[in-house]
Amino acid sequence: MRTPAKILSVLGGLTALGGITALWANQETTNFKLHRVEVPLLQPGTLDGNSEFRILHISDLHMVPGQEDKIAWVNSLALLQPDLVVNTGDNLSDAAAVPHVLRALDPLLRRPGVFVFGSNDYFGPKPVNPFGYLVGKKRKVSEEALPWQGMRAAFIEHGWHDATHQRIEFKTSGVRLAIAGVDDPHHDLDDYSLIAGPPHADADLSIGLAHAPEPRILDRFLADGYQLTLHGHTHGGQICLPGEHTIVTNCGIDRRRAKGLHKYGDMWMHVSNGLGNSKYVPFRLFCPPSATLIDITETS
């Protein structure tokens, strides 16, 4: 029979372990990683002797003032000299964060880019019950309006294209792109009918964008013949089991495809771990924040 002293000792040990785990999970939020994947999608000869077309996929900055480590790391991504930057939303986690987002993205805004927003570009975060998250309970957006209009204007002023409910076509680094996107489907802000139909037949590469990888939107991009879709939202699970095994996706996609590069039917999809987290959930566990360089190569 355990004595009270032994019970208190065990409880003290568990409390200390919990404190150490929480500290580690908090430090993980600045353990930034760069992933690199390769997808052979271009017809032979498209790259005119170059080895790949580089897409830098960033998502879920969830910026708050004072995150200087994140700003410096995102700045450094410009050294990769991507041919295209894709931002799949949730840039904000605070009403005062827009200038800090623009500081982080400044060198990348000088590269060709496209973007769609997530709900946390429009609405501020709010305190959540973490147990509700772990059982996959969908949360309503808050009533705090964020100043997304100025951020969008700055993106466009620098030359990035807003793909929200738009079909966009342009050529960069010798590759003809057909890109279409929808507003955040996780909160039913999307209207796929505004972009419905196959991408332009003359495009070398077709890309679909949506913040959340909801299967009903993926099905539409797949049916229309897009080659690749890019998403964020899941944070890769954010609180994961050892080995980066996702517990919940916070959307309709299955846990196996909550992060990284995967096939969805005949289409490729990439889901970013994201670079941030809500200021009310300042933790990551076995799921470091990341960006991804996607090398689009020619088929053999």
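Visitor: Leaving aside its neighbours within four places in sequence, which residues is G174 in contact with?

Guide: In this predicted model, G174 is found in the loop between β6 and β7. Once neighbours within four places in sequence are set aside, the contacts of G174 are T46 and D204.

Visitor: Does G174 count as buried, exposed or partly exposed, and what is the reason?

Guide: Buried means under 20% relative accessible area and exposed means over 50%, with partly exposed in between. The value for G174 is 37%, so this residue counts as partly exposed.

Visitor: Which strands each supply at least two residues of the lining of the largest cavity?

Guide: The count comes to one cavity of 30 Å³ or more, and about 30 Å³ of space lies in the largest cavity. Its lining consists of R167, I168, E169, A178, I179, A180, P199, H200 and Y226. The strands that each supply at least two of the lining residues are β6 (166-172) and β7 (175-181).

Visitor: How do the residues of this lining divide into nonpolar, polar and charged?

Guide: Among the lining residues are R167, H200 and Y226. Arg counts as charged and Tyr as nonpolar. The division of the lining of the largest cavity is six nonpolar, one polar and two charged.

Visitor: How many aromatic pairs does a search of the whole structure find, and why is the pair of F115 and F117 described as it is?

Guide: The search of the whole structure finds eleven aromatic pairs. In the pair of F115 and F117, the ring centres are 5.3 Å apart and the planes stand at 40 degrees, so the pair is tilted. F115 is buried at 0% relative accessible area, and F117 is buried at 2%. Both belong to a cluster linked by ring pairs: F115, F117, Y122, F123, W148, F155 and W160.

Visitor: How many residues apart in sequence are the parts that the pair of Y192 and F221 ties together?

Guide: Y192 and F221 form an edge-to-face pair, 5.3 Å centre to centre with 80 degrees between the planes. Y192 is buried at 3% relative accessible area, as is F221 at 0%. Because Y192 lies in the loop between β7 and β8 (205-209) and F221 in helix α7 (residues 215-224), the pair ties together parts whose separation in sequence is 29 residues.

Visitor: Over the ring of which residue does the charged end of K263 sit?

Guide: A charge sits over a ring only if it is within 6 Å of the ring centre and within 35 degrees of the ring normal. The charged end of K263 is 5.0 Å from the centre of the ring it sits over, that of W268.

How values were computed. Residues are numbered from 1 along each chain as its sequence is written. This is a predicted model: local features need pLDDT of at least 70, side-chain atom pairs count only at pLDDT 80 or more; totals for chains, interfaces and linings use all residues. Side-chain values use heavy atoms; hydrogens and water are left out. On a 1 Å grid over the protein atoms alone, a cavity is a set of points where a 1.4 Å probe fits but cannot get out, and a pocket is an open set with protein on both sides within 12 Å along at least five of seven lines; lining residues have an atom within 4 Å of a point. Grid points are joined across faces, edges and corners, and a volume is the space filled by probe spheres set on the points. Helices (H or I, at least four residues) and strands (E, at least two) are DSSP runs, numbered from the N terminus. Buried means under 20% relative accessible area, exposed over 50%, partly exposed in between (1.4 Å probe, protein chains only). Contact means heavy atoms within 4.5 Å. Rings of Phe, Tyr and Trp (its six-membered ring) pair if their centres lie within 6.5 Å; planes under 30 degrees apart count as stacked, over 60 as edge-to-face and the rest as tilted.
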